[in-house]
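Please consult the sequence and the model shown here.

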Amino acid sequence: MSTTIYQARKILTMNPARPLATHVAVRDGRILGAGALDELSGWGPYELDTRFADKVLMPGLVEGHSHLMEGVFWRFVYCGWFDRRDPDGRTWPGAKSLDAVIERLREAQAALADPARPLVGWGFDPIYFGDRRCVREDLDRVSATRLVGLVHASGHIVNANSAALAAVGWLRSGIDHPGVPLGADGLPTGELKGPEAMMQVSQAIGVDRSVMAGDEAGLRLFSRLCVRAGVTTATDLASPLPDDALPMLLETTARADYPTRIVPLLRLVGAPEAAVQRAVELGRRSTDRLRLGRIKIVADGSIQGFSARLRWPGYYNGSPNGLWYLAPEQIRQALALALQHGVQIHTHTNGDEATEAVLDALEQALQQHPRPDHRFTLQHCQLADAAQFRRMKALGLCVNLFANHHYYWGDEHYRLTVGPERATRMNACATALACGVPFSIHSDAPITPLGPLFTAWCAVHRLTASGRTLGEHECIAVPDALRAITLGAAYTLRLDAEVGSIECGKRADFCVLEDDPLAVPSMALRDLPVWGVVQDGRVFAAAELPKG
C-alpha cells in the first residue's frame, strides 16, 4: 500500500471542484487525490517524487477515434502529401506530386530482395494533384510483376497495379461495380473504392485487417506513438477482432511495459445479430487495458474521396453521390439489437445524408427499445447542420468530430468537395456545445497523425493548410478543446468514471507536458512538447522509448 506523491509545476485536473493543483497522490495505480502536499500527506506515509517539478500534468489524453493500423502501416512506404513523424520520432517528408510518389515506391521496390513480396504505399492523397488520378499504369511503372498497392489517406480507396488486379482476377472487362471505375479500354483503372471493391486486393497486398489485428509489433509501435502524443487511452475503431488475435492482444496489453489502454470496437460486417452477439461475448473478456464489447458501424465513405453520402445539392464539383457501406435498414436493425442487448455502437457518418439516415434509424430503434444513457456516438459527422445537432441532443447521441480535417483537407473542401458555405460548418464543435451534445474530437490515425494537442489546436483555430480560417463561428476556446480530448472522449467511451480527469478514485493516467496549455499562446498548442505519460501509475518517458 505504498503511496507516491508527484510534485508538478502545475496540474490541470479537469475537475471543476478543484481545477488546479501542485501535487497528486497515487496508490496502486489510482489517484488518492490532487491538491497541496500538506493535504495529501493525510493519506499516510508517502514517497515524494519530484521528477515532474518543472512539468505540467493534465489527464492522460484520450484518443476517441484511432486505429492500430497507425502502428502497422509504418512497415510500409509513407506516400502522404504532408510531412509525418514515425514511432521513433523521425519525420518523413511529404510527396508533393504523383511522380514523387512513384519515385518513392520505385526506391522501395529496388530495395526488396524477395520478388514475391508485395509493395504497399500508404497516406496517398491525390486530391492535391488536381484532376490527375492514379491509374494502374502509374503503379506499373513501379513494377510490372510485383503486386503493388497504394492506400489512400482516407483509408476508403486503394490503387492497384496490373499485377495486383490480375492476382485477384480483376484485370478483365465486364466488371460492373460502383466502386470499380473502368477506363476507356473497359478494364478497371486500378482505383478501388469502398470495402467491397478493396477487399480482395487489400488481402492480396497484405493490408488485411484480420491479419493486422493480430500484429504484435504494430501494437507496440502504436503505443510508442501514444506516449509521444501524451495518450494513455486509445481506440482501435473498427477491428475484426478475430479469435486468433485475442490472446496476443490480451497478453501484450497486460505486460508491465505496455503503456496504453486500448479500446477496440468490433466492426459490423454481415448480419447485425451475429455482430451484437459477438460484442456481448467479447465484453466478458475485457481487462483494464483491453476494453472490449463495443461495435463500430460504417455508414458511408469519405468526403475527399467523393464516397460519402451527401444530401442535396451533393458535391460542389458535380461528382456523383457516394456509397452506402451499410444500407439504412441494416443500420436500423443493428441499432435496435444493440439497444436491446445493452451494446454501445459508434457509427461513422461523413456525409449529412448518412447522418440523417442514422438519426432516423435511431429514432425508430429507441421507440422499440428505449434505453436512457445509451451514449451511441456519431463518428466524424462532418457535415451535420444545426438541425441535426438538435436531433442528436433529443436522441441522447454523442458526437466525435474530425477537427483535423480543417487543416488537412479544409482548402479542398472549400474549393472542390462541398463548397464555401458547407465547408465553414464542417466539424461544428461550437454548435455541439451550444446544443448540449456531448462531444469529443479526434485524429482518426492513421488517416491523420495521432496527436490530440494538435487536434485541439485545429478545433480552436480551424485553420487550413493555406492559413484560411474555415468558419470562425465554430471555433472553440482552449479549455473546451482540452476537455474534448480528455473527459469528452472518455464520456463517449463510457470511461469517464475512470479516466479523463485527475481526481480521487480515478486511474492514475497523466499526460506530462513541458509547458502549460492554458498559459502558452493558443497558436502554440499544436507544438507543445510532450515529455511522456503516466499510465495506471507507471511512468513512460518519450525519450526512453525503444527504437526500431
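The model is predicted: local features need pLDDT of at least 70, side-chain atom pairs count only at pLDDT 80 or more, and totals for chains, interfaces and linings use all residues. Residues are numbered from 1 along each chain as its sequence is written, and side-chain values use heavy atoms, with hydrogens and water left out.

- Strand β19 covers residues 398-401; strands (E, at least two residues) and helices (H or I, at least four) are DSSP runs numbered from the N terminus.
- Cys 398 and Asn 400 lie on one side of β19, Val 399 and Leu 401 on the other, and all are buried (under 20% relative accessible area, 1.4 Å probe, protein chains only).
- In a regular strand, side chains alternate between the two faces of the sheet.
- Strand β18 (residues 377-380) pairs with β19 in the parallel sense over four bridges, where pairing requires at least two DSSP bridges.
- His 380 is opposite Leu 401 of β19.
- Strand β20 (residues 439-441) is also parallel to β19, through three bridges, and Phe 439 of β20 stands opposite Val 399.
- A right-handed β-α-β unit is formed by β18, helix α13 (residues 386-395) and β19; with the strands pointing away from the viewer, the path from the first strand over the helix to the second runs clockwise.

**Strand β12 and its antiparallel partners**
- In β12 (residues 157-160), Ile 157 and Asn 159 point one way, Val 158 and Ala 160 the other, and all are buried.
- Strand β11 (residues 148-152) runs antiparallel to β12 with three bridges, and Val 151 has Val 158 as its bridge partner.
- Four residues separate the strands of this hairpin, in which Gly 155 adopts a positive phi near 80 degrees.
- Strand β13 (residues 191-193) is joined to β12 by three bridges, also antiparallel, with Lys 193 as the bridge partner of Ile 157.

How values were computed:
Buried < 20%, exposed > 50% of the residue type's maximum accessible area, 1.4 Å probe, protein only.
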